[in-house]
Amino acid sequence: MNWFKQFMAGRYGVDPLSIALLIAYLPVTLIAQLSNLKILNLLALAILFVSYFRIFSRNIPKRSQENQKFLLKWYPVKNWLTLKIYRIKDRKIHRYFKCPNCEQNVRVPKGKGKIRITCPKCKKSFVKRT
Ligand SMILES: [Zn+2]
């Protein structure tokens with residue numbers, strides 16, 4: 001294991017972008033194998049190559065910059081996905097409405113019949129069945 005530590009010294013290593021590339025490689029190579037499309041095989045290899053190139057790269061500032069750009073695009077997607085998953089888990093207990101005035105999302109308990117909801121942001125109220 002010592003040789004590996006020495007080999008990785010001064011190299012960039014694994015970051016979220018490399019992991020995302022490795023994850024993207026899996027479906028692409030699977031589809032390439034199933035469809036027998038050479039271009040997809042090349043794409044899968046290119047993804048794998050870029051990922052390993054980044055991990056073993058010695059140009060740390062450049063790789064870090066690439067990762068920052070990736071994270072700026074990834075975080076909104078991740079937050080959106082996290083919210084959707086949370087709402088799916090929460091759907092038996094709560095209902096979500098959008099305030100007709102300011103578009104603020106409002107969470108209310110489910111099964112309370114027709115209720116008047118007051119928006120926490122703009123204080124306007126609206127009636128919905130929960
Ligand atoms: Zn509102």
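Guide: A note on conventions comes first. This is a predicted model, in which local features need pLDDT of at least 70 and side-chain atom pairs count only at pLDDT 80 or more, while totals for chains, interfaces and linings use all residues. Residues are numbered from 1 along each chain as its sequence is written, and side-chain values use heavy atoms, with hydrogens and water left out.

Visitor: How is a pair of packed helices described in general?

Guide: Two packed helices are described by the angle between their axes and the distance between the axes. Axes are lines fitted to C-alpha atoms, for helices over the stretch in contact, and angles run from 0 to 180 degrees between N-to-C directions. Helices are DSSP runs (H or I, at least four residues), numbered from the N terminus.

Visitor: At what angle do α2 and α3 pack?

Guide: Helix α2 (residues 16-35) packs against helix α3 (residues 38-56) at about 160°, and their axes are 8 Å apart. Therefore α2 is roughly antiparallel to α3, a label given to angles over 145 degrees. The crossing of the two helices is left-handed, that is, the near helix is turned anticlockwise from the far one by less than a right angle.

Visitor: Which classes of residue make up the contact of α2 with α3?

Guide: Contact means heavy atoms within 4.5 Å. The contact of α2 with α3 has 15 nonpolar, six polar and one charged residues, where Ala, Val, Leu, Ile, Met, Phe, Trp, Tyr, Cys and Pro count as nonpolar, Asp, Glu, Lys and Arg as charged, and the others, Gly among them, as polar.

Visitor: Is S18 buried or exposed?

Guide: S18 lies in helix α2. Because its relative accessibility is 0%, S18 counts as buried (under 20% relative accessible area, 1.4 Å probe, protein chains only). The side chains of S18 and R54 are joined by a polar contact of 3.0 Å; such a contact is a pair of N or O atoms within 3.5 Å, and within protein one must be able to donate a hydrogen and the other to accept it, with residues adjacent in sequence counting only if both atoms are side-chain atoms.

Visitor: How do α2 and α4 pack?

Guide: The angle between α2 and helix α4 (residues 60-90) is about 70°, with axes 8 Å apart. That makes α2 roughly perpendicular to α4, the range being 65 to 115 degrees. P16, L17 and A20 of α2 meet E66, N67, F70 and L71 of α4.

Visitor: What does R87 contact?

Guide: R87, in helix α4, is in contact with Y96 and N105, leaving aside neighbours within four places in sequence.

Terms used. Angles under 35 degrees count as roughly parallel, over 145 as roughly antiparallel, 65 to 115 as roughly perpendicular and the rest as oblique. Buried means under 20% relative accessible area, exposed over 50%, partly exposed in between (1.4 Å probe, protein chains only).
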